[in-house]
Amino acid sequence: MRRNPIALLLSGVIVSFGLSSLLAQAQQQVSNAQVAAMVEALRLAAPQTGTANDGLYNEWQVKPETLKGWSKYCLKQELTPTQFENSPAKARQVVSCITRREFNKQFLATNNNEIAAVRGVGCWWMTGSYTGCNSGFTATYLQKVVGFYQQQRSKPATTR
């Protein structure tokens, strides 16, 4: 039995296009607007301890040991807490980079469910885990994050 090489080639191309579109859909990246809204939501929801030297840095309330790894990952250099505190641009760059990384992971894990991904990132931001923020302080925090995120996403792009 002899196969038609053109038909075989054509079916291979069709399968390739089908698989590539499925792969692209599965690996969909979050947009810059989504990342910006998430970064701002995390900033606005950051718990204020009321203590001047509480060991947390910048508007996002980042721990110094966390900052080391994040800045190394995002900037290829470690920032000191003072550098992070005194450079709003670098702080936002690091937070945006980490938020994008985690948001993409959660977007994929939640089958592109935006709010579920926001909840996962918010929980991870506070606890280091994507789940378990269903009660108490973390649940209240997560409600704030989701609310601020939705508020940011509803703003026209020119005001961000």
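Author: A crossing of two helices is left-handed if the near helix is turned anticlockwise from the far one by less than a right angle, and right-handed if clockwise. The model is predicted, and local features need pLDDT of at least 70, side-chain atom pairs count only at pLDDT 80 or more, while totals for chains, interfaces and linings use all residues. Residues are numbered from 1 along each chain as its sequence is written, and side-chain values use heavy atoms, with hydrogens and water left out.

Reader: How many helices and strands does the protein chain have?

Author: The protein chain has 7 helices and 0 strands; these are DSSP runs numbered from the N terminus (helices: H or I, at least four residues; strands: E, at least two). Along the sequence, the pattern reads α-α-α-α-α-α-α.

Reader: And what share of the residues is buried?

Author: Of the 160 residues in the protein chain, 31% are buried (under 20% relative accessible area; exposed is over 50% and partly exposed in between, with a 1.4 Å probe and protein chains only).

Reader: What percentage of the contacts join residues at least 24 apart?

Author: Taking contacts (heavy atoms within 4.5 Å) between residues at least 6 apart in sequence, 53% join residues at least 24 apart.

Reader: Now the helices, please. At what angle do H5 and H6 cross?

Author: Helix H5 (residues 88–109) and helix H6 (residues 114–127) cross at roughly 130°, and their axes come within 9 Å. An axis is a line fitted to C-alpha atoms, for helices over the stretch in contact, and angles run from 0 to 180 degrees between N-to-C directions. H5 is therefore oblique to H6 (under 35 degrees is roughly parallel, over 145 roughly antiparallel, 65 to 115 roughly perpendicular, the rest oblique). The crossing of H5 past H6 is right-handed.

Reader: Which residues make that contact?

Author: H5 contributes Val95, Ile98, Thr99, Arg101, Glu102, Phe103, Gln106 and Phe107, and H6 contributes Glu114, Ala117, Val118, Gly120, Val121, Trp124 and Trp125. By class, the contact of H5 with H6 has 9 nonpolar, 3 polar and 3 charged residues (nonpolar: Ala, Val, Leu, Ile, Met, Phe, Trp, Tyr, Cys and Pro; charged: Asp, Glu, Lys and Arg; polar: the others, Gly among them).

Reader: How does H2 pack with H5?

Author: Helix H2 (residues 32–45) and H5 have axes 9 Å apart and an angle of about 115°, so H2 is roughly perpendicular to H5. Their crossing is right-handed. On the H2 side, the contact includes Val35, Met38, Val39 and Leu42, and on the H5 side it includes Val95, Thr99, Phe103 and Phe107. The residues of the contact of H2 with H5 comprise 7 nonpolar, 4 polar and 4 charged.

Reader: And how do H6 and H7 cross?

Author: The axes of H6 and H7 cross at roughly 130° and come within 9 Å, so the two helices are oblique to each other. This crossing of H6 and H7 is right-handed. Among the residues that meet are Ile115, Val118 and Trp125 in H6, and Phe137, Tyr141 and Tyr149 in H7. The contact of H6 with H7 holds 11 nonpolar, 4 polar and 3 charged residues.

Reader: Changing topic, how many aromatic pairs does the structure hold?

Author: The structure holds 5 aromatic pairs. Rings of Phe, Tyr and Trp (its six-membered ring) pair if their centres lie within 6.5 Å; planes under 30 degrees apart count as stacked, over 60 as edge-to-face and the rest as tilted.

Reader: Why is the pair of Trp70 and Trp124 stacked?

Author: Their ring planes are at 25° and the centres are 5.9 Å apart, so Trp70 and Trp124 count as stacked.

Reader: What about Trp70 and Trp125?

Author: Trp70 and Trp125 form a tilted pair, 4.9 Å centre to centre with 35° between the planes. Trp125 is in helix H6, 55 residues apart from Trp70 in helix H3. Trp125 counts as buried because its relative accessibility is 14%, and Trp70 counts as buried at 11%. Ring pairs link Trp70, Trp124 and Trp125 into a cluster.

Reader: Last, is Pro88 buried or exposed?

Author: Pro88, found in helix H5, is exposed because its relative accessible area is 59%. The C-alpha atoms of Pro88 and Glu59 are 8.9 Å apart, and the two residues are 29 residues apart along the chain.

Reader: Where is Gly147 found?

Author: Gly147 is found in helix H7 (residues 136–154). At a relative accessible area of 30%, Gly147 is partly exposed. From C-alpha to C-alpha, Gly147 and Ala45 are 9.3 Å apart in space, and they are 102 residues apart in sequence.
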